[in-house]
Amino acid sequence: SEDMFDTMSGDTLARYKESVQTINTRRGFNFTNVRKLPGENVKLNLPFNISNFALTYAYTEEIFSDPFTESDYVRNHLGRLDYNYSLTPKYFYPFKKLIKSRSKWFTIIKDINMNFFPSNMAFNTQMNRQFGELKLRQLEGEDFNLPSTFNKYFTWDRNYTFNYNPFKSLSINYGAANNSRI
């Protein structure tokens, strides 16, 4: 077998080694949950504060080859935007100071409470795009060359959440999810 390698030129030897080896290469990077933290002295959290938003981006790439696969290439991009606004409920008791009686019959009226603001509003949107190409290796003695196979998809997912407690004894929660394949 040493004689076989000695007779091959540099380019032919490199192609031969590539065709008999299994090679799997992965590359990627990501930025996850990138956001601005609220300051230490922030007393009021407003719905439009930049600190309520977070961003994520990820990129991955995989290249695979073996004796039967010339190349199997997959590239993936993922982007995500998150928004979350939360408040601690502050309940208003309209009759607490109006009714001075300590009677247990008036306690029901005195305990009536209201909250005017939602306790949580959130949404996220995520886009995922993938491209793949598979090329099979032409075997020795075969005249037929297989064309490349492509794999492409693009998805867009959105989630919404809304929580509101108008009274201490009543909670309204809404959640929705939209998943799209483009």
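Guide: Two strands pair if DSSP finds at least two bridges between them; strands (E, at least two residues) and helices (H or I, at least four) are DSSP runs, numbered from the N terminus. This is a predicted model, in which local features need pLDDT of at least 70, side-chain atom pairs count only at pLDDT 80 or more, and totals for chains, interfaces and linings use all residues. Residues are numbered from 1 along each chain as its sequence is written, and side-chain values use heavy atoms, without hydrogens and water.

Visitor: Which strands stand at the edges of the sheet?

Guide: Six strands form an open, antiparallel sheet in the order β1-β2-β3-β4-β5-β6. Two of these strands have a single partner strand each, so one side of each is left without a neighbour in the sheet. The strands at the edges are therefore β1 (23-34) and β6 (170-181).

Visitor: How many bridges join strand β5 to β6?

Guide: Strand β5 covers residues 149-167 and runs antiparallel to β6. The number of bridges joining β5 to β6 is 11.

Visitor: Is proline 166 buried or exposed?

Guide: Proline 166 lies in strand β5. Buried means under 20% relative accessible area, exposed over 50%, and partly exposed in between (1.4 Å probe, protein chains only). Because the relative accessible area of proline 166 is 11%, this residue is buried.

Visitor: What distance separates the C-alpha atoms of proline 166 and methionine 114?

Guide: Contact means heavy atoms within 4.5 Å, and proline 166 touches Asn113, Met114, Asn115 and Ile172, leaving aside residues up to four places away in sequence. Along the chain, proline 166 and methionine 114 are 52 residues apart.

Visitor: Which residues does serine 119 contact, leaving aside its neighbours within four places in sequence?

Guide: Serine 119 is placed in the loop between α3 and β4. With 13% relative accessibility, serine 119 counts as buried. Beyond the excluded neighbours, its contacts are Tyr85, Ser86, Leu87, Pro89, Asn163, Tyr164 and Asn165.

Visitor: What is the relative accessibility of isoleucine 112?

Guide: Isoleucine 112 is located in the loop between α3 (104-110) and β4 (120-136). Isoleucine 112 counts as partly exposed because its relative accessibility is 35%.

Visitor: Which residues does threonine 69 touch, not counting residues up to four places away in sequence?

Guide: Threonine 69 belongs to strand β3, residues 69-86. A relative accessible area of 10% makes threonine 69 buried. With those close in sequence left out, threonine 69 touches Phe64, Leu134, Lys135, Leu136 and Arg137.
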